[in-house]
Amino acid sequence: MADIIIVGGGTAGVVLASRLHQRKPELSITLIEAGPDVTGHAHIANPAEAALLHFSDLDYKYMTVPQKHLNGAPRYNCAIKGLSGGTIINTGGWVRGDKLDYDAWARQVDDDRWSYDGLLTYFKRSEKHFDPNADPAQHGFDGPITTTSVTSSGRKFPLRDTVFNMWSGGLGLKHIADGNNGHPQGITDLVENWKDGKRQIASDTYPLVGVKVLTDTLVRCIILENKVAVGVELASGQKHLVRQGGQVIVSSGAYGTPKVLQLSGIGNPALLSQHGIDTLVDLPQVGTNLFDHMMLFRYWRLRHPEKGLAIGSPLFGGPNYEKGGPVDWLVTAPIPAAPLKVALEKDEGQVSDDHPLLKGPRSHLEMNLLYAVFGAEAQGLTIPMDGNSIMTFFMGCLPTSRGTVTLGSSDPVAPPVIDPNYFATEADKHVMREGFRMQSKVMFDTSEGKDLIFEEHTPPGQAVGGLDATDEQIDERIKLGASTVFHPGGTAAMGKVVDTSLKVYGVKNLRIVDASVIPNPIASHSQVTVYAIAEQAVDIILKEDF
Ligand SMILES: Cc1cc2nc3c(=O)[nH]c(=O)nc-3n(C[C@H](O)[C@H](O)[C@H](O)COP(=O)(O)OP(=O)(O)OC[C@H]3O[C@@H](n4cnc5c(N)ncnc54)[C@H](O)[C@@H]3O)c2cc1C
């Protein structure tokens, strides 16, 4: 019998298992992962090959239910089945986000361990920061995950200065030297967790030697005896038990964790009974509160592609170009509070100026410009990656739309029913329209943009997205083309499903450690937060229980 069983060997599960073993080798830890060990897989080391993993055997290939506010169309939501989880496919953006979001989280659950300062030790513990001269109060230099910036990798893209001037001239934003110190608003070098241009999956950076790892092993449910977790049952029917006083930790990701809980009889009785599952713990918030970041790509034809400005041109290439993404700058911006307040009031009734999304200013939008084109077919466009075009991206960082993850069946192999309810609120619509307009301004209304861009590739049947685009025209573009940034969270939220020590309410010896515990969206990409949650969980578990 194990001391600890971890369900899900993804990002959080691997960190937990590795660190718990490192800190207390006498603990017997079993890590159970539904997918395979991907060591040596052909398409993983090179980040540029991630596209080949989408819709592969490593992808759960989730589709959402038809999205009411996106023309009734479902959306593809990739999630990875394999030891190391999302780190097998993710884009490597290493983005800590905004201090204010973590501080709001801590205030909401009344526990400073989840504030920015409370998590800082763990942000630092996970990283080996690329700049040895960076502020040691903010950065770690001997953690497992090597980070790199555009500058530190030696990439020098031809449009670097032009694009900087577009963002700063168009939006009035300033350069910031460090975008990962909790104050990201401005224009900063993109930071990624590539090491010499290669992917670092969680199980490479956090070794699992000494941990009992079961791969290709799907957990059906947690075994509860009188509301105490005593082990897990596999889809095969086999059982794995923890010793008395041992612990089960669910780290199955924002889609997998609520599914495992619900299959275990922990959830909303009305929903569980639809699948013949007896409710053992009445916890209706399980699987609610799903949030996700939504984004829109836009595509732009270059005026002078012969200068070799983008991937596909034979002239685009240079020292170290393979060391990271074809991007220079990450841009984080607030939006004006007054019109956002009007939108929020349509959703929530009267709100005060102290509303969490108004006071700050908060980091509402993230944007960048890529010297590449991909994904255009989702908007009905055919744009070859031949160096003639580039693309931009913007993401609404603090969505207020909330959705659900529920069971479609009591069969553990069946996918969960995912309804992110994208674009449901007036506030989200307002923020996305602002993002669209900011990009139009940068591309059409700065001297650098006018020199650079010949025209936008407008999706068929859509109005040209010029400076005078109406709300309705922008909404149509978003309904057609918006998609996930693959940052689901919140489905076993702290304060709703788990307490601030990550313990499931109403159950003994059961914790959750993964993206599902984050109570509200963070203006970041989620891996930094997930690594920090797992690092902090190790301290909490060892202090409180072992
Ligand atoms: C395509 C893509 C691009 C991304 N890009 C970025 C990026 O650039 N930057 C960034 O910060 N973040 C990015 N992310 C998000 C980031 O990778 C995730 O937020 C993070 O990996 C989530 O970690 P997790 O531990 O919560 O879940 P996961 O890493 O998803 O791990 C969950 C694991 O649990 C396993 N599991 C589920 N159910 C069971 C079960 N019943 N039994 C056994 N095992 C089970 C799964 O197979 C999986 O391995 C991206 C994600 C994707 C999919």
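Which residues does the UniProt annotation "active site" cover? The unreviewed entry assigns this annotation to H487 and H525; UniProt positions are given in the numbering used here, feature names are shortened, and annotations may be inferred rather than shown by experiment. The model is predicted: local features need pLDDT of at least 70, side-chain atom pairs count only at pLDDT 80 or more, and totals for chains, interfaces and linings use all residues. Residues are numbered from 1 along each chain as its sequence is written.

**Figure 1. The annotated pair H487 and H525.** The two residues annotated as "active site" in the unreviewed UniProt entry span 39 residues in sequence, yet no two of their C-alpha atoms are more than 6.7 Å apart, so they gather at one spot. H487 is found in the loop between β25 (483-484) and β26 (510-512), and H525 in the loop between β26 and α13. Helices (H or I, at least four residues) and strands (E, at least two) are DSSP runs, numbered from the N terminus. H487 counts as buried because 27 other C-beta atoms lie within 10 Å, and H525 is buried with 24. A residue is buried if 20 or more other C-beta atoms lie within 10 Å of its own, exposed if 12 or fewer, and partly exposed in between, with C-beta atoms placed from the backbone.

**Figure 2. Contacts of H487 and H525.** Leaving aside neighbours within four places in sequence, H487 is in contact with D292, H293, H525 and S526. With residues up to four places away in sequence likewise not counted, H525 touches G93, V95 and H487. Contact requires that the C-beta atoms of two residues, placed from the backbone, lie within 7 Å.

**Figure 3. The shell around the ligand.** The ligand is surrounded by 40 residues, of which the closest are G8, G10, G85, G86 and G256; a residue counts as near if its C-beta atom, placed from the backbone, lies within 6 Å of the molecule. At least two shell residues come from each of α1 (11-23), α7 (253-263) and α13 (526-544). The most is given by α13, with four residues. By class, the shell has 16 nonpolar, 21 polar and three charged residues. Ala, Val, Leu, Ile, Met, Phe, Trp, Tyr, Cys and Pro count as nonpolar, Asp, Glu, Lys and Arg as charged, and the others, Gly among them, as polar.

Figure 4. Domain 1 comprises 2-92 + 200-290 + 488-544, and domain 2 comprises 148-192 + 294-398 + 423-481, with bounds from an automatic or database domain assignment. Their centres, taken over C-alpha atoms, are separated by 32 Å. Six residues from domain 1 and 10 residues from domain 2 form the contact. The side of domain 1 that touches domain 2 has three nonpolar, three polar and no charged residues.

Figure 5. Most residues other than glycine have a negative phi, and most peptide bonds are trans. F55, although not a glycine, has a positive phi of about 65°; F55 lies in the loop between β2 (29-32) and β3 (62-63) and counts as exposed, with 11 C-beta neighbours inside 10 Å. K227 is likewise not a glycine and has a positive phi of about 65°. K227 is found in the loop between β13 (219-225) and β14 (228-234) and is partly exposed, with 14 other C-beta atoms within 10 Å. The peptide bond from G360 to P361 is cis, with omega near -5°, and P361 is placed in the loop between α9 (337-348) and β20 (365-370).
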